Structures are given as C-alpha cells and as structure tokens.
Amino acid sequence: MRLKSVALVFLLLLFKLAVFAQGNFVISGTVRDDKETIPGAAIYLSGTKISTITNNEGKFSIGKLPAGNYDVLIQVVGYLPYSKSVTISDKNIYIDATIKANTVTLQEVVIKPDPNRLAYLNLFKEYFIGRTPNAKECKILNSEVLNIDYDKQARVLSVNSREFLIIENKALGYRIKYLLQNFEYDYRSRIVYFAGFPFFEEMKGSKSKINRWNKKRNTAYYGSSQHFFQSLYEGKVEQEGFVLHKLATIGNKNRQPDSVINANIKRLSSGSRAINMLTFTKDDSLNFWLKERSKPKAMAVLNKAQVLTDTLVKTYNQDVKSINFTDELFVMYTKERETEEYSNLGFQVSRAPDMGNFQVSLINLLEPPILFYKNGSIANPRSYLNKGFWAYEKMADAVPIEFKPVSIK
C-alpha cells in the first residue's frame, strides 16, 4: 500500500508539472469600490484579445494562461481605469482590486484654449499611430481625452490620458482600447517613447474583408519585433528569416579634430582678411575647413560576421530569457523588403550594397539586459531603443501578443 501511495503522489506531481508546462495558469480576483463589490466590471489583459466581466459577486477568472508578465486592466463606467502588473511563474494569481470613482467627468473638464493643440495632436498621431500604409486607415475616435503638455525649455511634448483612447484600425480589423500612461517626443533628439495598455477587439466584417485583414495581420506580424523575440526565445531566428550582425560606432579618422577645425575657421574669418572671405570658391582655405567641420565625427562600421544566438541568448529564469551585447544589434529580416515610401521617410539604416534592401532594424541598449518572454513580450521595455524598420512601425501595425499567423485560403 505504501508503495502504491508513493507512486500515486509521484504521478500527481508529474500531472501538476505537466499542467504548468502547458501554461494552464489562472488570473482571478474581486473588484470592489470603497463600499461594495462591483458586478459587470470589464476585465482586460493588456496587449491581447482576452477579456471577461465580473459576476454578480464582483468576481472574475481568466484561465489557460502561459507563464509571463501580464497587465490586468479594469474598466467600469463612472470609475477611473485600474491597472495592475502581475507575473505568473509557477502559481496562479489572485487580485483584490479596489477602484476609485471618477469624480471629474469629461463634460466638467475645462480645457484651456491652446492654439498649438491641433499641431501637437497631429504630431502625436504621427509618432503614436505611425506613418505606414496601415496608419492611413487608422482613426482616433476620442482625441478629446488626451492631456497634452509641451515643455518649452526641455523641448519635450508629453501626452497622457486617464480614460481609454479608442483607436479604429480598419487596415487590420481591430478596435483598440489604449490606456495611455505616457507619450514623450523629444524635439532635440527626435526620440519617441510611449507606454500604456492596449486591448484588441475584433471588428466585424464580411468573409472577403476578414480574409483581407488576415493577410495584412500576417504581414504586420512577420518581421516585427514581436516575431523576432518569439523566434529568439525558441532558438529559431535563422529559420524564421532573421540574420544578426553587430554595428559599431567609431571615430571618423578622415576628420580633423574640432580644436584644429575651429582654430583655422577663426583664423581665416577674423580681422581684415575676413572682408575678402565673405564670398569664396570651393578652393578657398575657409571653405575647406567649413567642409571639414560638416563631416560626421563618428562612423558606423558593420561587422558582417553573423551573431550566433546560442552565445547571445541567456536563460534569466524558468520563464524569461535575456540578451546583452556591446555596440548595436543589426537585425535583418530576409523575407520582406523595404519599400520606397519607407526609405524616403529617413528611417532607413545604411548597409553594404550587396546586402540588398531587406528590412533592417537596430537595437540600441539603454539599460541592459533585455528581458523577454516566450510570447515575445518585453519585461523591461525601457531597456532598449529601436531604430530602422521597427521604429517606423507603431500602433497601426500592432497585433495582439497571442497572435498566430493565419493560413490564407
């Protein structure tokens, strides 16, 4: 009997481990305000199409989830949106959420007249929605919920919202609810950063329209950063069409030092001689030093040796992997080419002529390492900066994190 009991316990443990391995985790909880539980509250998982509502007792449950990091969003009319980040590793998650009443309704908000609001709003749309062909079929339905602020001294545009921003993407067939935490555009560095919680809803359409949406969704997914990190986690980078190189930045040896350049410009443009130097030809000494000053101080050098992923990727824990590297990571997707329209926007990354015009993106580390999950989501999104094609694609080309390419008939 004792041996049978031991065997039974062992089998139960194996079963439990198998269930966990299949990703059968649950996020459950209760939603309440300061007085009572709230039935009918909408529960969303950010970045997905997964949602539910609370029952008559204010309780909810979302199951069949793989291990990973999740942002749980709660929306109830008359209350402020609620968000909570949770991490599933080896056990289910329970949330006891207390939401707060929205004491200021949209009709009560007094918006100060701002002659620049429309210009700022257009810039926000350009860098949040994007400038891809899909962006032309995207529309923000309630831009009035956006709070816009421009810091003249820092030259930084900031945008946020306490309500869900509603985006209608007719190119991919999604209606997106986006709780925008922060959007920043630095006019000096031209760096864009935005963070928030998107939730995707399928739009209804005819069979032909859905087929068209599926084709465009596949195109949006393939070659994206989401596709790349999923492939990287699975060790299938090359199979999926990605090639990795290193891009190093070195000083320009063909440029004179600033001290020499500035001294010669000052010498040739001061005193009585400057009168004769106001108009000069290409052979003038002043013209030579002005051209020298216009040369780039640094040059990018591409190492054509491929980066091997087995040395690049490390296991951070049982659910998370990481990458850390020097210089910049040059990621080329060899199954899609860059369009002329993209090239004309100034995002394009230089490469050797024999490398073709395949889609190229750069990953620049800011706070290494980059931590990522099996589904391609990033645990620490401020750890890196995208350049190239991934910087070109924004919300207009986003698909849910659980998206899988659809076979087109």
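Colleagues, a word on the source. This is a predicted model, in which local features need pLDDT of at least 70 and side-chain atom pairs count only at pLDDT 80 or more, while totals for chains, interfaces and linings use all residues. Residues are numbered from 1 along each chain as its sequence is written, and side-chain values use heavy atoms, with hydrogens and water left out.

Let me turn to confidence. The pLDDT, the predictor's confidence in each residue on a scale from 0 to 100, averages 86 for the protein, and 87% of the residues score at least 70. Over residues 1-22 the pLDDT stays under 50, and the model has 3 contacts beyond four places in sequence for that stretch. A contact means heavy atoms within 4.5 Å.

Now the overall organisation. The secondary structure comes to 10 helices and 21 strands. These are DSSP runs numbered from the N terminus, with helices being H or I of at least four residues and strands being E of at least two. Among contacts with a separation of 6 or more, 65% are between residues 24 or more positions apart. Of the 409 residues, 42% count as buried. Buried means under 20% relative accessible area, exposed means over 50%, and partly exposed lies in between, with a 1.4 Å probe and protein chains only.

The buried residues are Gln226, His227, Phe228, Phe229, Gln230, Ser231, Leu232 and Tyr233. Helix 4 is followed by Gly235, whose phi is positive, near 70°.

Next, a hairpin. Strand 9 (residues 147-151) and strand 10 (residues 156-160) run antiparallel and are joined by 5 bridges. Two strands are taken to pair if DSSP finds at least two bridges between them. Within this pairing, Asp149 has Ser158 of strand 10 as its bridge partner. The hairpin has 4 residues between its strands, and Arg155 in the turn has a positive phi of about 55°.

That brings me to backbone geometry. Most residues other than glycine have a negative phi, and most peptide bonds are trans. Lys64 is placed in strand 4, residues 59-65, and counts as exposed at 73% relative accessibility. Asp327, likewise not a glycine, has a positive phi of about 60°. Asp327 lies in the loop between strand 17 (321-323) and strand 18 (328-337), and is partly exposed, with a relative accessible area of 42%. As for the peptide bonds, the one from Pro368 to Pro369 is cis, with omega near 0°. Pro369 is found in the loop between strand 19 (358-365) and strand 20 (370-372).

I close with the charged pairs. Side chains of opposite charge can pair when their charged atoms come close. A search of the whole structure finds 13 salt bridges, each being a side-chain nitrogen of Lys or Arg within 4 Å of a carboxyl oxygen of Asp or Glu.

One of them joins the side chains of Glu202 and Lys49, at 2.7 Å, N to O. This pair links distant parts of the chain, 153 residues apart: Glu202 is in strand 13 (residues 192-202), and Lys49 is in the loop between strand 2 (42-45) and strand 3 (51-53). Glu202 is partly exposed at 42% relative accessible area, and Lys49 is partly exposed at 37%.

Another salt bridge joins Arg217 and Glu202, at 2.9 Å, N to O. Arg217 lies in helix 3 (residues 207-221) and Glu202 in strand 13, so the pair ties together parts that are 15 residues apart in sequence. Arg217 is buried, with a relative accessible area of 4%.
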